[in-house]
Amino acid sequence: MVNAARFMLHRPEQIGSLVRGDQKLCELMKGSVQSLTAGRVLVHADSDHDYVYRLRSGWACRNRAIADGRDQFILIFLPGDLFAVKSLFVTRHPDRVQTLSNVVVERIHYAHLQEAYARDVDIANRCLWQVIEEERRLHSWVFGLGQGSAEERLALLLIDLRGRLILSGNLPADALTFQFPLTQVQMSEHLGITPVHANRVVRSFRERGIAVFRNGEVDIQNFAELRRLAEPLMDGYERTTPQYGLPGSELT
Amino acid sequence: MSAKEPSGADRSHPSDVAMHLAYAEACVVLVECLMHVMAEKKLIPKEELVAAVENAITAKKAMADANWHTHIAPVAAGVLAQISNSLRALPDRSRTETSG
């Protein structure tokens, strides 16, 4: 689980502390492992919740649904991510957290983590890093939703997911095919477009030989073109990190 | 987006309600697809398509405010808002043309 590369490009002097914090969290969460099926709600919207989680395998997401039927997938969590870290500081969670695939998670009660957080700077750094990393992802995604076309958003999503899976050691560095458990409706709810529009973009990617979605997997067929489409929405960190592809990089 | 089936539907024969809902859903999907085709073929600028949908949203909200279809109109406005946001994410024609 511990992989220094995933903290890359963050202040070098922090890396040791972040890796130690990760290991210490593993110890603290030992014995709390649970296997859950896809579609299971871990945190209910607008409810009190006492636990912080780490995803060991599978995908989960945070989403917000409103009374008129609209639903936005806010963040996607991948293996190695801590989530519901806000339980440390807030009683009530405004949004729902649910599993997107079968998952294995571990968890820790907020009071137990609070005590460790106050006692051990490595654990505090690891928790804080997750919040900072989430903020970076959210800033990129807000920019994408406000300024990006549907094609650019989907390209960014694929570049981002692949890069994160490689950084967390869940995918080989040259992999172009990976598990993609989102349905087209869920994908549209993350991309901020309708299912009809998502279907057209997916079809267009397939017809242009960029990426093909099939049987719960995505196969990137033209990485350079995908990277070119995503480029305007990528932040400085992603643009300079090899796992997200460098400009003009050819993996096909 | 939820995917609940209308209750009381016979597996071999859709109920009248299910048929009406299916036609309504098919209409929205069809109109949205046609809007995409019109934008792709550059027959109508996406801004005008968005304006048309925004117009429909205003009409639906006015219906809700006037207590007409009070349960359905706000949901319909939500569906239209999704379509409007989605149309905004169509490629910007001027940007596409400049980038070749």
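# Briefing: chains A and B in a predicted model

In chain B, 61% of the contacts with a separation of 6 or more are between residues 24 or more positions apart. The model is predicted. Chain B has 4 helices and 0 strands, and 19 of its residues are in contact with 19 residues of chain A. Over all chains, the structure holds 29 salt bridges.

**Chain B**

- Read from the N terminus, the order of elements in chain B is α-α-α-α.
- Chain B has 100 residues, of which 24% count as buried.

**Interface between chains A and B**

- The size of an interface is often given as the accessible area lost when the parts come together.
- For chain A and chain B, the buried area is about 1,500 Å², and carbon and sulfur atoms give 54% of this area.
- The count of salt bridges between the two chains is 1.
- This salt bridge joins B:Glu40 to A:Arg200, with 2.9 Å between the closest N and O atoms.
- Between chain A and chain B there are also 5 residue pairs in polar contact, counted with both residues at pLDDT 80 or more.
- On the side of chain A that touches chain B, the elements giving two or more residues are helix 4 (150–167), helix 5 (184–191) and helix 6 (195–207).
- Helix 6 of chain A gives the largest share of that side, with 4 residues.
- By residue class, the side of chain A that touches chain B has 5 nonpolar, 7 polar and 7 charged residues.

**Nonpolar cores**

- The largest nonpolar core has 45 residues, and those touching the most other members are A:Trp59, A:Leu154, A:Leu158, A:Phe178, A:Phe180 and A:Phe205.
- Two or more residues of this core come from each of strand 6 (71–77), helix 4, helix 5, helix 6, strand 12 (211–214), strand 13 (217–220) and helix 7 (223–230) of chain A.
- Helix 4 of chain A supplies the largest share of the core, 11 residues.
- Leaving aside residues up to four places away in sequence, A:Phe205 touches A:Glu151, A:Leu154, A:Ala155, A:Ile210, A:Ala211, A:Leu226 and A:Leu229.
- There is a second, separate core of 13 residues, among them A:Leu42, A:Val43, A:Tyr53 and A:Leu75.

- A:Ser101 is in the loop between strand 9 (96–99) and strand 10 (103–109) of chain A.
- A:Ser101 counts as buried because its relative accessibility is 14%, under the 20% cut-off.
- Not counting residues up to four places away in sequence, A:Ser101 touches A:Leu36, A:Thr37, A:Ala38, A:Gly58, A:Trp59 and A:Pro181.
- One of these, A:Trp59, has its backbone nitrogen 2.9 Å from the side chain of A:Ser101.
- A:Arg40 is 61 residues from A:Ser101 along the chain, and their C-alpha atoms are separated by 8.9 Å.

**Salt bridges within chain A**

- Side chains of opposite charge can pair when their charged atoms come close.
- A:Lys24 and A:Asp122 form a salt bridge through their side chains, at 2.7 Å from N to O.
- This pair links distant parts of the chain, with A:Lys24 in helix 1 (residues 15–29) and A:Asp122 in helix 3 (residues 121–147), 98 residues apart.
- A:Lys24 counts as partly exposed at 28% relative accessibility, whereas A:Asp122 is buried with a relative accessible area of 6%.
- In the salt bridge between A:Glu27 and A:Lys30, the closest N and O atoms are 3.2 Å apart, and both residues are exposed.
- A:Glu133 and A:Arg136 form a salt bridge with their closest N and O atoms 2.9 Å apart.
- Both A:Glu133 and A:Arg136 lie in helix 3 of chain A, 3 residues apart, or about one turn of the helix.
- A:Glu133 counts as buried at 3% relative accessibility, and A:Arg136 counts as buried at 13%.
- A:Glu133 and A:Arg136 also belong to a network of salt bridges that includes A:Asp81, A:Arg137, A:Asp160, A:Arg164, A:Asp235 and A:Glu238.

Terms used:
Residues are numbered from 1 along each chain as its sequence is written. Chains are lettered from A and ligands numbered from 1 in the order in which they are written. This is a predicted model: local features need pLDDT of at least 70, side-chain atom pairs count only at pLDDT 80 or more; totals for chains, interfaces and linings use all residues. Side-chain values use heavy atoms; hydrogens and water are left out. Contact means heavy atoms within 4.5 Å. Buried area is the accessible area (1.4 Å probe) that two parts lose on being put together, summed over both. A salt bridge is a side-chain nitrogen of Lys or Arg within 4 Å of a carboxyl oxygen of Asp or Glu. A polar contact is a pair of N or O atoms within 3.5 Å; within protein, one must be able to donate a hydrogen and the other to accept it, and residues adjacent in sequence count only if both atoms are side-chain atoms. Ala, Val, Leu, Ile, Met, Phe, Trp, Tyr, Cys and Pro count as nonpolar, Asp, Glu, Lys and Arg as charged, and the others, Gly among them, as polar. A nonpolar core is a set of buried Ala, Val, Leu, Ile, Met, Phe, Trp, Tyr and Cys residues joined through side-chain atoms within 4.5 Å. Buried means under 20% relative accessible area, exposed over 50%, partly exposed in between (1.4 Å probe, protein chains only).
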